[in-house]
Amino acid sequence: MIKQLLGKIPRKSSKSAGNGENGSNFGVDSYIGYERFNNQPGSDSGQNNGTMISMKHQNGNLGLYSYEVLPGFKDVPNSQKESLFFRKLKLCSIVFDFTDPVKHVKEKEIKRQTLLELVDYVTSANGKFSEAVVQEVVKMVSVNMFRTPSPQPRENKVVDGVDLEEEEPTMDLAWPHLQIVYEVFLRFVASSETDVKLTKKYIDQAFVLKLLDLIDSEDPREREYLKTILHRIYGKFMVHRPFIRKSINNVFYQFVFETEKHNGIAELLEILGSIINGFALPLKEEHKMFLVRALIPLHKPRCLAMYHQPLSYCITQFVEKDCKLADVVIRGLLKYWPVTNSSKEVMFLNELEEVLEATQSQEFQRCMVPLFHQIARCLSSSHFQVAERALFLWNNDPIENLIRQNQKVILPILFPALERNARNHWNQAVRSLTINVRKIFEDLDPELFNDCLLKFQETEKKEDETKARWEARWRRLEEMGAQKTAGNYNTTACFPWKPF
């Protein structure tokens, strides 16, 4: 009688198991078990190479799950390979704790070997992946990849583009599994057997946003995989292209105007470099606004050195696509030109040279006056690398041709800086380069050069006269101050102070 009554009471453990078999959503950060394999059809229950391990459901209930070695794809007929693929995907959906190196060592190795088998299967697939397979692949990848990383202090310790502590990047302890998961997903996205119409339902905008969040990872190996995967998704899923560009835009806005902290800016710019290269002509207004509002402001953060090379490539691509954008780009560089950061100035000069190489004469004439005022300031810099890099512009033939064509405007702007450098700059290399540039202008148009020299001497004479007047005034003020002080002293001597 008592047994009959007890039999009518619902059991928690069976309910939990039922939920698990129905594919309930397990917590990504907990240890995850999707299914019990020891009772699955087709498994070799006589050769149980696995162990029972305790897994935690997201509702907090504990359960025992069998983690066993499944047969290889070569050991089953073709008709059962897809079913085995499912089972291997579910086996790989269990996430282990890598903070404890001695925990579940055997099960971790089983999972690693299974993931390698999945890589081979996806690579050698001969037929289109069914919708169920796509769903299960995305589920397995999501469970492994979209995890909450261990919190790391995110202080901005970069000054002048140099990491003060020069610390090694934080490496994910789970990388032995994560790397193969990323490889499975990369092969799956790149596979010709992946149907875009089916897959876009599961690799949707929410999924892409999670990938973009992950690219802020401190592990450079993970960022490299994410860069490749995002680029593949952009190329294959045309429906997501505007959304991906907009989302990357938003990452840049937050980085430039709010946090100045992000680990994946360089990787995102590398993706964009390839995207910009494929833009059709004429450029859409949307793309031009992206240049003005997102790319050019990326020159503002002080950690520019971390991503300057891919940024410079993106900027140059725009100018090569549409030469009319050269004026916009150069004025943008002048807007964010550093004042006290010499290493950043050298980077700006490097980028400026690449932009000027692709600039046409008409666009050059629009911005040459403010541009060469800035170059004149660089020539006058006491930091020899800044002055030297500015003088190296004359070693570039296309830029020198632009300067020759407009020397009547440019030489009067540059002449005072060139003359002072040739006379007084402390660095011998800078003085030698300055004399060479000065000689180029003198040979091009001796008359113009002599006019500039006369004007410079007149200006210098006026400056000397002004300086002499100011010095004379200061001397008079000092004498008046001395006389007043002496008068006060005499008064005090004649009328000594008396207490009240």
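Throughout this report, two residues are in contact when they have heavy atoms within 4.5 Å of each other. Helices and strands are DSSP runs, numbered from the N terminus: helices are H or I runs of at least four residues, and strands are E runs of at least two.

You're looking at a predicted model, in which local features need pLDDT of at least 70 and side-chain atom pairs count only at pLDDT 80 or more, while totals for chains, interfaces and linings use all residues. Residues are numbered from 1 along each chain as its sequence is written, and side-chain values use heavy atoms, with hydrogens and water left out.

**The chain as a whole**

Of the chain's 500 residues, 45% count as buried. Here, buried means under 20% relative accessible area, exposed means over 50%, and partly exposed is in between, using a 1.4 Å probe and protein chains only. Take the contacts between residues at least 6 apart in sequence: 73% of them join residues at least 24 apart.

**The core**

A nonpolar core is a set of buried Ala, Val, Leu, Ile, Met, Phe, Trp, Tyr and Cys residues joined through side-chain atoms within 4.5 Å. The largest one here has 133 residues, and those with the most contacts inside it are Phe252, Leu269, Leu295, Tyr307, Phe372 and Leu414. Helix 6 (residues 175-190) gives this core its largest share, ten residues.

Leaving aside its neighbours within four places in sequence, leucine 295 is in contact with Phe252, Leu269, Ile276, Phe290, Leu311, Cys314, Ile315 and Phe318.

**How some helices pack**

Two packed helices are described by the angle between their axes and the distance between the axes. The axes are lines fitted to C-alpha atoms, for helices over the stretch in contact, and the angles run from 0 to 180 degrees between N-to-C directions.

| Helix pair | Angle | Axis distance |
|---|---|---|
| Helix 17 (residues 384-391) and helix 20 (residues 428-444) | about 25 degrees | 10 Å |
| Helix 8 (residues 205-214) and helix 9 (residues 220-236) | about 150 degrees | 9 Å |
| Helix 9 and helix 10 (residues 241-259) | about 140 degrees | 8 Å |

As for the wording, angles under 35 degrees count as roughly parallel, over 145 as roughly antiparallel, 65 to 115 as roughly perpendicular and the rest as oblique. Helix 9 is therefore oblique to helix 10. In that pair, Ile233, Tyr234 and Gly235 of helix 9 meet Arg241, Ile244 and Arg245 of helix 10. Sorted by class, those residues are three nonpolar, one polar and two charged. For these classes, Ala, Val, Leu, Ile, Met, Phe, Trp, Tyr, Cys and Pro are nonpolar, Asp, Glu, Lys and Arg are charged, and the others, Gly among them, are polar.

Helix 8 and helix 9 come out roughly antiparallel. On the helix 8 side the contact uses Val208, Leu211, Leu212 and Leu214, and on the helix 9 side Glu222, Leu226, Ile229, Leu230 and Ile233. That contact has eight nonpolar residues, no polar ones and one charged.

Helix 17 and helix 20, by their angle, are roughly parallel. Phe384, Ala387, Glu388 and Leu391 in helix 17 meet Ala429, Val430, Leu433, Thr434 and Val437 in helix 20. The tally for this contact is seven nonpolar, one polar and one charged.

Phenylalanine 348 sits in helix 15 (residues 342-357) and is buried, at a relative accessible area of 0%. Beyond its neighbours within four places in sequence, phenylalanine 348 is in contact with His299, Leu304, Leu333, Tyr336, Trp337 and Pro338. Its C-alpha atom is 9.1 Å from that of serine 312, 36 residues apart along the chain.

Methionine 368, in helix 16 (residues 361-379), is buried too, with a relative accessible area of 7%. Methionine 368 and isoleucine 410 are 42 residues apart along the chain, yet their C-alpha atoms are separated by 7.6 Å. Setting aside neighbours within four places in sequence, methionine 368 is in contact with Asn406 and Val409.

Most residues other than glycine have a negative phi, and most peptide bonds are trans. Leucine 281 and proline 282 are joined by a cis peptide bond, with omega about -5 degrees. Proline 282 is in the loop between helix 11 (265-277) and helix 12 (285-295).

Histidine 104 has a positive phi, near 55 degrees, and is found in the loop between helix 3 (78-91) and helix 4 (105-123). Glutamate 260 also has a positive phi, of about 55 degrees. Glutamate 260 lies in the loop between helix 10 and helix 11 and is partly exposed, with a relative accessible area of 22%.
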